[in-house]
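Hi,

Here is the structure I promised to pass on. Have a look at it first, and then read my notes below.

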Amino acid sequence: MSKITKIKIKNLFGISEYNGDGKSVELSGQNGVGKSSVIDAIRYALTNKSDRRYIVRNGETEGEILIETDSGLRINRKARTNQADYKSVKQNGHEVGSPETFLKDIFTPLQLSPVEFMDKTEKEQNAIILDMIQYDWSLQTIRDWFGEIPDWVSYDQNILQILNDIQSEKGDYYRNRQDVNRDIRNKKSFIEDIASEIPEGYDAKKWENENLGELYQKIERARKENENIEKAKRFVEQRDNKVRSFEADKEIKLSALDREFAAEKERLVKEKERLEARAERKRN
């Protein structure tokens, strides 16, 4: 940061003549003795602006201020009543082209008026401070950083405000990050549920080194064997059902024959008794 090494004021505002060597000084005195005139003169030198109606001291035709800094900057400005004003801005002994633009780049009016800055809102103060931070960037810089140009951001702002808007809660990155975090929580919960069902004494390292191809083949063979066993069980069950059906038919038929034989026997017995009775009658 540059420091003032010399300041000279003559016939500006209410100042007849003032010389300073850049050291910190305290301006004190009653109202009207010229304390604010020194600040106004410095502001005039750096901005070419003044809120006062008259710049040249009353009764004079020319007022001058000269400021030199330890960085090689020399500002000499003269206000004249009878001819054009004079200004000279040199850097390391060389005249600066477009001096007003040059001064605007290194000084802002608010730097010379802290009270005005304090009266602004916090949002306005933040914007002013951010604008004072210079960073050489372009849309290609944004693309290099993020791989794209985020479309929810206004790019007519300071780079720090742009970066703040990119990562804000209203941006896609924040919402995507929220979705990812939510997905992570869900997967962690899913893993914890699986972990709670793992049998006691489960040897994870053993299964990590297991040949899954061979294990799958063993499982497949066991599955086929189980299928054959189930088929055999069903075949046996079907055979047993048929045997029981045959036995039932046999029992039914045998029962029918037994009833038929009993009825025939009973008939024959009655026929025998009838014939014997008939023969007995004939003998008598």
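**What I found**

Of the 284 residues in the protein chain, 18% are buried. Keep in mind as you read that this is a predicted model. The protein chain has nine helices and six strands. If you take its contacts with a separation of 6 or more, 39% of them are between residues 24 or more positions apart.

**The sheet**

I'd start with the strands. Six of them make an open sheet, and the order across it is S2-S1-S3-S4-S5-S6, with antiparallel pairing. Strand S2 (15-20) and S6 sit at the edges, each pairing on one side only.

Is it enclosed or open to the outside? Six of the eight residues of S4 (residues 73-80) are buried, so the strand is largely enclosed by the rest of the structure.

On one side, S4 runs antiparallel to strand S3 (residues 62-69), and seven bridges join the two. One example to look up is glutamate 62, whose bridge partner in S4 is arginine 80. S3 and S4 form a hairpin with three residues between them. In that turn you'll find glycine 72, with a positive phi of about 90°.

S4 also runs antiparallel to strand S5 (residues 86-91), this time with six bridges. Here arginine 77 has lysine 87 in S5 as its bridge partner, and lysine 78 stands opposite tyrosine 86 in S5. S4 and S5 form a hairpin as well, with five residues between them.

Most residues other than glycine have a negative phi. Which residues go against that here? Asparagine 11 is one of them, with a positive phi of about 60° although it is not a glycine. You'll find asparagine 11 in strand S1 (residues 4-12). Its relative accessible area is 9%, below the 20% cut-off, so asparagine 11 counts as buried.

Serine 98 is another non-glycine residue with a positive phi, of about 50°. Serine 98 is in the loop between strand S6 (94-95) and helix H2 (99-106). Is serine 98 buried or exposed? With a relative accessible area of 52%, serine 98 is exposed.

**Two helices side by side**

Next, look at helix H5 (residues 139-146) and helix H6 (residues 159-166). They pack at an angle of about 35°, and their axes are 13 Å apart. The crossing of H5 and H6 is right-handed. Which residues meet there? From H5 they are Ile142, Trp145 and Phe146, and from H6 they are Ile159, Ile162, Leu163 and Ile166. By class, this contact of H5 with H6 has seven nonpolar residues, no polar ones and no charged ones.

**The aromatic cluster**

Phe146 turns up again when you look at the rings. The count of aromatic pairs comes to two. Phenylalanine 146 counts as partly exposed, at 32% relative accessibility.

In the other pair, the rings of tryptophan 152 and tyrosine 173 have their centres 5.0 Å apart and their planes at 90°, so this pair is edge-to-face. It also links distant parts of the chain: tryptophan 152 is in the loop between H5 and H6, while tyrosine 173 is in helix H7, 21 residues apart. Tryptophan 152 is partly exposed, with a relative accessible area of 24%.

Taken together, the ring pairs link Phe146, Trp152 and Tyr173 into a cluster.

Over to you, and happy browsing!

Methods: Residues numbered from 1 in each chain as written. Predicted model: local features only at pLDDT ≥ 70, side-chain atom pairs only at ≥ 80, totals over all residues. Heavy atoms only, no water. Buried < 20%, exposed > 50% of the residue type's maximum accessible area, 1.4 Å probe, protein only. Helix = DSSP H or I, 4+ residues; strand = E, 2+ residues; numbered from the N terminus. Pairing = 2+ DSSP bridges. Axes fitted to C-alpha atoms, helices over the stretch in contact; angles between N-to-C directions. Left-handed = near helix turned anticlockwise from the far one by under 90°. Contact = heavy atoms within 4.5 Å. Nonpolar A, V, L, I, M, F, W, Y, C, P; charged D, E, K, R; others polar. Phe/Tyr/Trp six-rings, centres within 6.5 Å; stacked < 30°, edge-to-face > 60°.
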